[in-house]
Structures are given as structure tokens and as C-alpha cells.
Amino acid sequence: MLSALLALGVLGILFGLLLGYAAVRYKVEGDPLVEKIDAILPQTQCGQCGYPGCRPYATAIANDEADINRCPPGGETVIVSLADLLGRDPKPLDEECGEEKPKMVAYIHEEICIGCTLCIQACPVDSILGAAKQMHTIIESECTGCELCVAPCPVDCIDMVPVRQSLDTWKWPAPPPPPYEQAADGSSNPQPAGAH
Amino acid sequence: MTLQTPPSPHIHSGIHVSSLMLRVIAALIPAIICYTWFFGWGLIINSAIAMLTALASEALMLKLRKRPLKPFLGDGSAVLSALLLALCIPPLAPWWITVLGVAFALIVGKHLYGGLGYNPFNPAMVGYVMLLISFPLEMTRWMPPFILEQLEIGFIDTLGVIFFNHLPYGLSIDALSSATPLDAMKTDLGQNNTVSEITANNALFGDFAGTGWEWVGTWLLLGGMYLIYKRVISWQIPLAVIGSLFVISAFFFLMDPDTYPSPLFHIFGGATILAAFFIATDPVSASTTPKGRILYGIGIGIIIYVIRAWGSYPDAVAFAVLLMNMAAPTIDYYTQPRVYGHARGKD
Amino acid sequence: MTEYALILISTVLVNNIVLVKFLGLCPFMGVSRKLETATGMAMATTFVLTLSAVFSYLVNEFLLIPLGLEYLQTISFILVIAVVVQFTEMVVHKTSPVLYQVLGIFLPLITTNCAVLGVALLNVQQQHGFLESAVYGFGAAMGFSLVLILFAAMRERIAVADVPEAFRGPAIALITAGLMSMAFMGFVGLVKG
Amino acid sequence: MRRLFQFKGGVVLKEHKKDATALPVQPARLPPRLILPLKQHIGNPAEPVVAEGDKVLKGQLIARAGDAICAPLHASSSGTVIAITDQPVPHASGMSAPCIVIDTDGEERWRPREHHVDNFAELSAQELRGIIHDAGIVGLGGAGFPAAVKLDPGGRPVDTLILNGAECEPYITCDEMLLREHALEVLNGLLMMRHALHAKRCVIGIENNKPKAFRALCEAVRHSDADVEVVEVPTIYPAGSEKQLIQVLTGKEVPSGGLPLDIGIVCHNVGTAYAVYRAVELDQPLISRYVTIAGSVAHARNLEVLIGTPLGDLIEECGGNRDTLHRLIVGGPMMGTAMHSDVVPVVKGTNCVLVESTSHDVPLPSRDAYAMPCIRCGNCADACPANLLPQQMYWYARARDFDKIQDYNLFDCIECGCCDYVCPSQIPLVGYYRYAKSEIWNQEAEKRQADLARERHQFRDFRLEREKKERAERHKKKRSAVTQGGSDDKKAAIQAAMERVRAKKSEQDSTPKNTDNLTPAQQKAINDADQRREEKTATSPPDRPQ
């Protein structure tokens, strides 16, 4: 009985030393994964995912505190690429965070704006031009459509406008789902969840 | 009047999936006639049962998935799979064998994966392997060609055997059936007598392969050539299968003619030609890139020989095809052709 | 020499660890969603399996048998495997962090992978020598990797197929694995013994 | 004789070219209204130089080219500019774009001639390119890349200049008729382009199903004994695609993502050569071109059409019925785009108008519905001239997996439609590839925007940080200033403040403002107010500190 304890004890210590040495030699610092996740997120900094911006949400995902389907502006493409990166199952968007809308841009009705700079402080990407008591306006090309400026405005002069489509930004539509996927009684089941 | 605006191109060559499948079925007809000439009405009856089961199970699955029946039943892919499976089943096998095999093939082998175009395995082979493993006895009860037995089993008697297991003149089923040439070769080799002795005294062996079987093989070969000429199947797979089988069997045959039969015997024996031209070239489960098809065919040829020479199953065509079906996605991934404008090396 | 070749062929094809002996099924199902992660997992498992087969033989031969402690085989083998896995985990975490993140729980899970322990115990059961157990370990790992990579490529294609609603995901994967093992039954009897 | 090579794949199509080449080419009727889109080329739109109501002459410049890749625009006929607004333009989306609309006055009065060149050889390459640029010439093969830019090799050697007369799409015969009737002018245009490029060799590629055009070209070359090779290439679609024609004539392959210029080759359309000739020799800008009108029209033919003519006018002129239109295609049946309405104008890149009426008398046997799932038969891979794997690309496009599809080199696809044509399951493959390409471009654009947004967000955090630091420093400085100086500093600070207030106040009282040249009434009002103030301050104690 004693020899059994002795043998296993020696074995344990021997391997412990080996692992200690390996742990030192293969030390890992920093976590490049947060960078990768942040690169996928759409950077609207809107906070709909419950985190104050995309970077905090990325770190939360990296250490498994947050799920990957809480980003409405990113919508399905972000969820699928996050699932791809992290090897998880893509889940539909979490309704509680909002639903996926076409890209919007904020617009200030200049006749109502009183120049109170509340929206300027709220904008996460500084895309509102203006100063105290001066006219405010939104730089359309910089606005990410995060809607954070709509709430603070005391006179509600900001509303969201869909982005204007021009000939260059026009996209070819996806070909219609094949007729054989429409059931015999006409109710077409959705495009196969081929997206994984 | 709103103009139609589909994306280009606006014209089409007019070939349709069903025309492809019907051509393959047509290529099988002469071989079936020759088969019936040698081995009686068993195949015709089995084919009829198989096709009926195929259409029934396809319709059932399409109904379950709420899909329109019209385009799918008409495309002939289910009928083709059923016909190929019927060709691999012994002619006098009981009817429930055929029904079970075809139903399993189509439901599990094809429709569980999403129907036409999505099944990774060849449905006919899935059904055949399931039958071979589950009912070894019925599946090895083959028929010798009639000219050897000097007795013809008429149509009615064959029906009787298949449906009611009732045999004419009180014969027992075992008296009637015999081993296939491949089977006979494997067992006799087991008792380590040489190939030449085996083929000499056993009437089963015709001039270069099993009697009867060699003619069926020739007709299948002609059917296969017709399909290649009509560009219905790619030439790479049959050439690779037969070529690799010929090379490896010739190598071993030259090394030791007594224990390893001749390449011709291997090629015309069993279902090699049927597999090379009709089963392995099923586009859905095979590899799609030109280089990939050659690798896929070579793989099938080698596995057929390995199992026939050292394995325990006499005719390993089904296993070879399934194993290479398994490897097809990986082969496709690594054998992409060089695209226009890309340097030779880097892709 | 042919004797080692026979062992190799028999462990890779005839009695394949996953499809014939049904060992190591949980990583087989878990990691085969994408081809890249499957190749990563295959390499990691090969590394672990071969090393642990060799080390467990050494531990058994020079520690347990002289002291007559054969009954401790399982525990000591698990200890050996745990150490090798921990070592591999550090190496993978250092060399490719993305693979480390994507393998996630399945990397430490190799410790509990029944294929690894199974190979170690089978080595002892079949009284394999040092070189034989190494070849046996390597063969088993090759068998596992081959089947895992083929299965991953197939699953990537099936993932996009129009599979009926009820069979999507693991269900169709299990059916495919079943058909694969049916195909592998063709090799039965290929190698006598 | 030049050795010909073979490109992989391709399909043999039924030509349908006989009917359109029967009648000779004549100018089309002058349309009452011309619609000239500002962007008829690859690059930025031109800037209008005319305003509503201006009278313009035929050939007069109406839109200037900006500095970037652009081509100027000229009035196709004399008339008055009635509007510069958004009009439907020939594009797959059916959307509108800014156009100049001119009502023609029927006089067709030309603008005065601006330059006279008797021998182009004396001009330098730069001057020649200037004339071509000012004439607004773009590639007439259909792409519409400004020709002047393509004629500028930028110092790199040009080994071969290829003139593309292959015209492999069915129904289209505009290049063939142009070669039959103006072979000499096209040849001169080619020599001019050669001069601009200093190309060593010139080759004209033409399909062997156009014998008359080939003979006319050989005749022209013999007549002017120019060292130009006229070569017949086999009639396999898409022989007319730039990459495939280069492969057939030279055996070289254009590097993926690169230009033919990278391998010393420049390829131009025969129509462009003719336009270059007219611009240099006859000082005529690009205002008209040969267009084939085919399909279900009474008599299909080629017409010389003014740029900006609405398609509807052409259809009526050739006896087509505008009310029974089922599908109206600009371009050929393989790569042409179906239009949303027949009011869109002919632009510089329009080479053919293909009409299909609801009576389907001239059937375009297209596939109406998408028939069956893909059986991976590989017919498409055999037919693909770029040697791609269309069945794998379709598989990932359908699954919307846009990274995997790029592993299969999606962007080497030239959208020729061969795979679509031979697919037994009749799947709209090219539709899927276009969808995937525009999604990928869109994702890349969004990625650029996201990176920009991240930078702005990081800068904002940095700015807030900086402001907080500054505010904190200011507080520290102020607080330290107060605490260090002890009480006398404080009194001194108060004293200084008092001084400042008193100074400002005295300065205020001493100088009453604008009290000069007052009317007596105003003066009296001020005095009363001052007087009241004295009484008030005298009686009530000063509540406010003085």
C-alpha cells in the first residue's frame, strides 16, 4: 500500500515540475481575440447591446460574459461572422436589444433647433457640427445612425432618415428562392437556414 | 405593361435534369435485356417493385416536406437510383428485400439530407450496404446463368418465388442458387488452390469472366461509352476507376498469377463496370473538380481491389463508392483548378 | 517491418477508433463543424495520443509492473494524459490563440477523450512492446484525424443543405456518422487478427 | 500566320445574326427629345456647362469632364436645353440619374469646326489623346471606360494593340455592319490609336462567322498596306470578352485583378477606333453610334442612332409594338440588362436593343422559373472560360458565406453567363454571383465606415480625457494660486477687481453716447431724466454698491 502512495506521489511531483517549467516558457500575454471581435462589430457605438460602445461589448464576448446576438445594427452578418470566429452556433438576434433595421442617418430640422449642444455631447462619434446658441447640423457621411442624439434633444428636432440610395450604392437583390421551396400550398418556407 | 427584369443571361440551352437522368436509364436498358436473357425475369420484377417503392417513398417525403410533387417525381433521379439498386440485388431475392432497400436508400440516403442534390452518399449504395449487412443470406443467393442449369424458370414461377417463396417442381432455393464467380473465386482461393485450377473445372467461369456476367458487362460498357459520348457523365471517373483497378490487379497478377486473378476478371467481374459508369459517376455524391474526379476514381479502384483481395466481402464496389463519397468534399476542397490569370504555383 | 504496417492499417482502417470501436465520439461530434477547427483538433489529438501512448507504456513497464501495482494503471494513465494535454494546451495557446479560442472546451476535453485512455489501456491489454504501442497510438490518432477531417468537410457541406427542419444540426450529423461507420464495415476481416 | 490558342470552356450559341445584317445601315429618325445622362462611362459624372433654356448646336460641349477619370458630353443635335433633372437611365436598378434633356429643333446645325488635322502622325501622342478626350470618346464595347485614359500607357511598353471585332453575342451585329461599310475609317482610327500608344504590333480579331466584314478589312489593309494583322478566331462565345480574345490571339493571360497593360497589351473595340477617326480627322465628337435593333420587331436592322434617343422611338421606327413589350434588353441575350421601361435613352455603351413581345413570336427560350436544385454535375465548370467552379461558388453564395466564396475566386468571374446557359437545373447562377459581389462590395464599404467611426469614437474619448485633464489643471492652478498667496494677495486681488469696476463705470458715465445734433425736444427729455436722477440719488441711500 505504501509503495502505491509513494509511486504516485513521485510521479505527480515529477510531472508538476515539468508543467511548471512549461508554464513559464509558454507565457501568453494580451488577448488578440478582443481585437478580432472588435473588427467585426459595426462600430455604431449605439449601446443597444447593453455595453457602452463596441469595444466593451467585444471584451465582454471575449471573456464569455456576453452572447454574440446582441448587436441589432450588425444584424445577421455580424452574428454569423462572430459564430464563425468563435466556433459557436449562430443564434437569431435577441429581440430585447432591438431589431435589425435598414441603415438610418440622423437629421436635424434646423428651423426647430435652439442650439443647446445636448446632442453634440451625446454623439459618440462627434458627427454633429455646431456650438452653443449656434445652428446645429449632422454630417451625414460620419453619422453611424446610433440614435443616441434623438433622446436628449429638448425640442425633438432630430429624427432618423433612411440613407439615400444612389446608383453606385444600389445592390443586386438576391435571386428569388427556388419555386420548389415554396410548399405546394404556396406558403414558402424561409430561405433554408443555409446561413449555417 | 410592367417589363420583366430577370438578371441576364436571358437564354438557356434547354437541357433539363430529367433529360440527363432519362438518358442514363436508357443506357441501362440493353444491359437489363441481356441480364434477363441470361438470368431470367427476376431483375425485371425486382426493378418494377423498386421503381414503385421509389416513387411512393419520394412522394411520401415530398408530402411531408410540403414540397410540390410535379417537378421532383418527373426528374427520374429516384427511378434511376431504384434501378441501380435492383441491378445489385439477386434476381430471386424476396420482394421485401427490394422494398426495404429502396425505401431506406431514398428516405435516409437522400431525403433526410434535403432531397435531390444534397445527399453526400450515393442513395443506391446506401440501400445496398444496409441490405448486405442486415440480410447476408438473401443477398448472396445469386443465380447461375440458365444455360448452365438446363432449366428455365418462367415468368409466373419467378413471380411465385419472389412473392410467395413458392418454388416450381419442389426445388429448394439453395439448389437453385449458386455463388457468383467472384464468390466462388474467393472461397476456392481460401482453400489455397490456384486460380487456373479454379477457372478450369468450374463452369461458372466463362472465357474471361463469369459466363453470362461478361456479356452483361460488355453491354454496360457500351451503355457507359454512349453516356460519355453524350457528355452526360464525365470521362474522368470511369477511366480512373477501371484504369487504377487494371493497374493494381495487373501488378499483383504479374507478381503471383496463382493467388491473384487476372485484371480482366476483376474488371468484368461483379459490378465493377456498373459502378464505374453508373454508380460512381452520380454527380451529386461524387467529386466535381476534374482533378478531384480522377483522385476519386483511383480511390474507388484501389479500395475495390484491397477488399476483394484481402477483405471478407466478395464484391466491395458498394463500400468503395461510399468511402470515396465520404472523401469527396475534402478532395473538392483541395483540388481547385488553376483559375485564369492566377500564376501556376500560388493560388 | 510488415508487422508494424499491419498494425497501422488495422488501427486506421479495419478497427478505426471512432467508426468501429466507437471511442472519442464527443470531440468527433463537437469539433467537426468547420474544417479548419477539425484539422486543428486532429493535430492536437495526434500529438497527445502518440505521446500519451508512449508515456503510459513507459510508466506501466518501469513503474507499475516492477512494484506490482498493475491495479493502478487507469489512474496513472489518466495522470499522464492530463499532463500531456496541459502541455499541449499551453503550446496551442501560445502558437495560435485563435485556434485555442475556437477549440475552446474541447482542448482540455482531450483528457477525458475515451480514445486516448482507450489506446493506452489497449496497448497494455494486447501486450504491445514499446515500438508497437507507439505505432498503435499513432495509427489510432491517424484513424481519428482522417475520419474527423472527412466528417468535417461533409458537415460543412451538409450545413448548407436544405435539411428538413427536424434534422438540422446534430441529428443529421449522427446519421452521417452512422452511414460512415456502415461504409467502414467494408474493411471487416481485412487484416487477420 | 499567327498561331491561335484556345480558351477553356465557352459555349456555341445560335447566332440569329442573319436578319439584322440584311438591310444596310441608315441614320435613325431625329427624335423630338434627347435625354443625355451625365454619367455614360466608368468614372465620375461630367459637370454641366449649359443651363435650362440655352440654345445648343449639334456637337457643342454641354458637360465638362472633371479632373478624375471622366469623359465630356456633347449635344447630339441642335435644339434648346429644357431641363437638367433626374431621368430613368439604362441600368439594372431602373433608378434615375441626372440627365440633360434637349428638345431638338430639327435643323441639325453643327457647331463651328474647332481644329483641323491633316496628318495625325505629326501630332504628339499627348495632343492626340487630348483630342480624343475632348471628343468624349469611351469604350463602345459596352464597358464604357474613357478611351483617352486607356490610350495612355503611362510610360509602360505596349507590345500589341488588339482591335476587338469578335462580337460573339447572338443578335448583335453593329460591329459587323460597321466593318463592312467603314473598314478603311476603322483602320485609320486603329493607326491613330497605335500612334498614341507607340504599340509595336496591331492585330484585329474577328470571329470566322463574319466573312464579308473580314474581306472588307483585308481589302482595306491591302489598300493602305498598313502592317496590321487581321485574324479570324473560332466562333465560341465568349470569344469577344477582352481576356478570352487576348488568350486566343497571344496565349497570354491577363493577371487576376490586373490590366491587359500589365502584360503589354491594350484592347479596344472597333467602334471606338471609328469614333477616334471621326474625332481626329473630321473633328466630330462622339454623338452617334451604330445600334442593332433585333428580336420581335417587324424588320430587325442596324441604325446610326444619336446618343440620347429614347429606346421607344427606335422600337417604333423598326416596326416593333411598344404596348406588347414582355422584356426589353439593352445588350445581347447573354450579358444584356433588362430595362424597367422603354423611355430610357441610348447611351455611348448601348450596342443592341433586343425586344421580346408578349406574343413570344421571336422566342428568347429563357427559363422563366428556377427549376431544380443543383446536382453538382459540373457542366458549368466545364463551360466556364475563367476555369472557376461555379457550383461551389453557387453553394456559398446561396449560404451567404461571403468569405468562403472569395476562396473560390469570385472576382475572376466575368459574368459571361456560360454556366447559367448550360445548367440542367436552370439556376440563375450569374444572378447569385452578382448578388454576392455587390454584397461583398457593400460589406467592404461598411467596413471602411466602421473603421472611420471607431477612429472618431477613440478621438472623442481622447478629447473628453484631455478636456477633463485641462479642467483639473485649471482648478489646481486656481486653487494653488489662492492658497499660496496668503491673505495679502487676496486683498490685492480684490483691490485690483475694484479698480477695474470703478474704471469701467467712470468711463461709462463720462461719455454719454450719440448726444450730438439732437432736436430740442430730445435735449429737453434728457435734461429732465438727469434732473430726476439727481433728486433720486440725493434722497434715497445707495442700495447698490457704487
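**Group meeting: a walk through a predicted four-chain model**

Leaving aside neighbours within four places in sequence, Leu245(D) is in contact with Ile162(D), Asn164(D), Ala166(D), Gly205(D), Val233(D), Ala239(D), Gly240(D) and Cys267(D). Contact here means that the C-beta atoms of two residues, placed from the backbone, lie within 7 Å.

Before going on, some ground rules. This is a predicted model, in which local features need pLDDT of at least 70 and side-chain atom pairs count only at pLDDT 80 or more, while totals for chains, interfaces and linings use all residues. Residues are numbered from 1 along each chain as its sequence is written, and chains are lettered from A and ligands numbered from 1 in the order in which they are written.

Back to Leu245(D). This residue sits in helix α5 of chain D, residues 242–250. Helices (H or I, at least four residues) and strands (E, at least two) are DSSP runs, numbered from the N terminus. Is Leu245(D) buried or exposed? Leu245(D) has 28 C-beta neighbours inside 10 Å, so the residue counts as buried. The cut-offs are 20 or more other C-beta atoms within 10 Å for buried, 12 or fewer for exposed, and partly exposed in between, with C-beta atoms placed from the backbone. Gly165(D) is 80 residues away along the chain, and its C-alpha atom is 9.8 Å from that of Leu245(D).

The loop that runs from β11 (229–233) to α5 of chain D holds Pro238(D). The peptide bond between Tyr237(D) and Pro238(D) is cis, with omega at about -10 degrees. Chain B has a cis bond as well, from Ser8(B) to Pro9(B), with omega near -10 degrees. Pro9(B) lies in the segment before α1 (17–39) of chain B.

Now the strands of chain D. One open sheet has four strands in the order β2-β8-β7-β4, with antiparallel pairing. At its edges stand β2 (33–37) and β4 (55–56), each with a single partner strand, so one side of each has no neighbour in the sheet. Two strands count as paired if DSSP finds at least two bridges between them. β4(D) pairs with β7(D), residues 79–88, in the antiparallel sense over two bridges.

Which strands does β15(D) pair with? One is β17(D), residues 352–357, antiparallel over five bridges. In that pairing Arg327(D) stands opposite Glu356(D). Another is β16(D), residues 337–338, antiparallel over two bridges. There the bridge partner of Val330(D) is Thr337(D). β15(D) and β16(D) form a hairpin with six residues between them, and Gly331(D) in the turn has a positive phi of about 105 degrees.

Gln43(A) has phi near 60 degrees, and is placed in the loop between α2 (32–40) and α3 (54–62) of chain A. Gln43(A) is buried, with 28 other C-beta atoms within 10 Å. Glu108(D) has phi near 50 degrees, in the loop between β8 (96–104) and α1 (125–134) of chain D. With 15 C-beta neighbours inside 10 Å, Glu108(D) counts as partly exposed.

Next, a helix pair in chain C. How do α4(C) and α7(C) pack? Helix α4(C), residues 73–95, and helix α7(C), residues 114–125, pack at an angle of about 130 degrees, with their axes 10 Å apart. Axes are lines fitted to C-alpha atoms, for helices over the stretch in contact, and angles run from 0 to 180 degrees between N-to-C directions. The two helices are therefore oblique to each other; under 35 degrees would be roughly parallel, over 145 roughly antiparallel, 65 to 115 roughly perpendicular, and the rest is oblique. Residues making the contact include Phe77(C) and Ile81(C) of α4(C) and Leu117(C) and Leu121(C) of α7(C). By class, this contact has eight nonpolar, one polar and no charged residues. Ala, Val, Leu, Ile, Met, Phe, Trp, Tyr, Cys and Pro count as nonpolar, Asp, Glu, Lys and Arg as charged, and the others, Gly among them, as polar.

Last, chain B and the interfaces. Chain B has 18 helices and zero strands, and 54% of its 347 residues count as buried. Its contact with chain D takes 36 residues from chain B and 54 residues from chain D. The chain B side has 17 nonpolar, 16 polar and three charged residues. Chain D also touches chain A, with 26 residues from chain D and 24 residues from chain A. The largest share of the chain D side, 15 residues, comes from helix α12(D), residues 429–510.
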